[in-house]
Amino acid sequence: KKVILSGIQPTGIFTLGNYLGAIKTWGQMQDDYHCCYMIADLHALTVRQEPAKLRKQVLECYALLLACGVDPQKSIVFIQSQVPAHAELGWVLSCNTQFGELSRMTQFKDKSAKHPENINAGLFTYPSLMAADILVYQADMVPVGEDQKQHLELTRDVAGRFNNVYGNTFRIPEPYIGKQGARIMSLADPTRKMSKSDENQNATVSILDKSEQIVKKFKRAVTDSDMEVCYKEGKDGINNLMSIYSVVTGKNMDEITAEFAGKGYGDFKVAVGEAVAEELRPVREEFDRLMADKAYLEQCYREGAEKASRIANRTMEKVKRKVGLIG
Ligand code: ATP
Ligand code: MG
């Protein structure tokens, strides 16, 4: 079986975007691949975090992964900072990544524009750590959203160069193109993607929102002054709602257009809200059950870190030998 690595930052409760775009498919890949799933808490430190809140979110996000269908018996589910090899390899790789390469990363440009008060070195070298996350497991494939494509390209460049300089060390990872999750846009500004760190409560649907809240948020979703429910260029808001409805119900765009022909946006928005609320209800119930059993969660993440470390340390020993460190 091929090895897959994927991660999510504990920067907040997952949004509908994270769920439909990524986490839901993580559960579906577990039988076909050796999956390594991590809570990327080291990456979260690139933005200022409140310590107590971060600690709480790490645990919540871990529970959320399980609630979304990730199975710690089938996959290696761990917390990044509990596997020291990530940081270790991250350093070695950052010494093999060029300033110019990192300067071209659009996420760095975006995030540093958004947080001009805290443009720290970690934010800049984030892609080196991400490369370490992937390469340390010799991952064959990485499922990446649009927003991470550039970072995976850099990972491949860095790994290839390292192999050339020091001899074959890393497997070069491919982007995982499978049943792609949808790219979900913000409900408040459908030209921007939905992000869990968005402060505008109306922009995102959290996967733990109550059913009534979800419907309410969809009712408020920004659309256009048109009346027709159809998928068309320029109708960003409606296009987004249609793709959400499509992923959740399995209906295609033509079927959706037919279903709402002659009806207004109001009816459509309620239908999308209700469909999403039904989809998320079991996730929320499972999350509540898991959070009531902290001992079980701790056992899962400790075992996950142990399994992950065994693989990661093997790569790290090889890297140390190659670059001339005493292992
Ligand atoms: P942050 O605002 O903290 O960056 P985020 O919502 O962008 O949060 P990440 O932790 O950066 O979430 O990404 C986790 C996973 O979710 C990645 O695989 C990413 O591609 C995917 N993802 C994030 N936002 C969306 C979205 N709007 N639609 C689909 N997939 C998404
Ligand atoms: Mg992001």
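Me: Which domains does the domain assignment give?
Reply: The protein is assigned domain 1 (3-176 + 294-323) and domain 2 (211-288); such bounds come from an automatic or database domain assignment. This is a predicted model, where local features need pLDDT of at least 70 and side-chain atom pairs count only at pLDDT 80 or more, while totals for chains, interfaces and linings use all residues. Residues are numbered from 1 along each chain as its sequence is written, and chains are lettered from A and ligands numbered from 1 in the order in which they are written.

Me: How many residues does the contact take from domain 1 and from domain 2?
Reply: Six residues from domain 1 and six residues from domain 2. Two residues are in contact if their C-beta atoms, placed from the backbone, lie within 7 Å.

Me: Which elements give two or more residues on the domain 1 side?
Reply: Those are α1 and α3 (51-67). The largest share, three residues, comes from α3. Helices (H or I, at least four residues) and strands (E, at least two) are DSSP runs, numbered from the N terminus.

Me: And how do the residues on that side divide by type?
Reply: Six are nonpolar, with no polar and no charged ones. Ala, Val, Leu, Ile, Met, Phe, Trp, Tyr, Cys and Pro count as nonpolar, Asp, Glu, Lys and Arg as charged, and the others, Gly among them, as polar.

Me: Ligand next. Which residues come nearest to ligand 1?
Reply: G17, G21, G145, S195 and S197, out of 19 around ligand 1. A residue is near if its C-beta atom, placed from the backbone, lies within 6 Å of the molecule.

Me: Which helix gives the most to that shell?
Reply: Helix α1 (residues 16-29), with four residues. The shell as a whole has four nonpolar, eleven polar and four charged residues.

Me: New topic: D133. Is D133 buried or exposed?
Reply: D133 counts as buried because it has 27 C-beta neighbours inside 10 Å. The cut-offs are 20 or more other C-beta atoms within 10 Å for buried, 12 or fewer for exposed, and partly exposed in between, with C-beta atoms placed from the backbone.

Me: Where is D133, and what does it touch?
Reply: D133 is in helix α7. Leaving out residues up to four places away in sequence, D133 touches L5, G7, M38, Q80 and H86.

Me: Which residues are buried in α4?
Reply: In helix α4 (residues 85-94), A85, H86, L89, G90 and L93 are buried.
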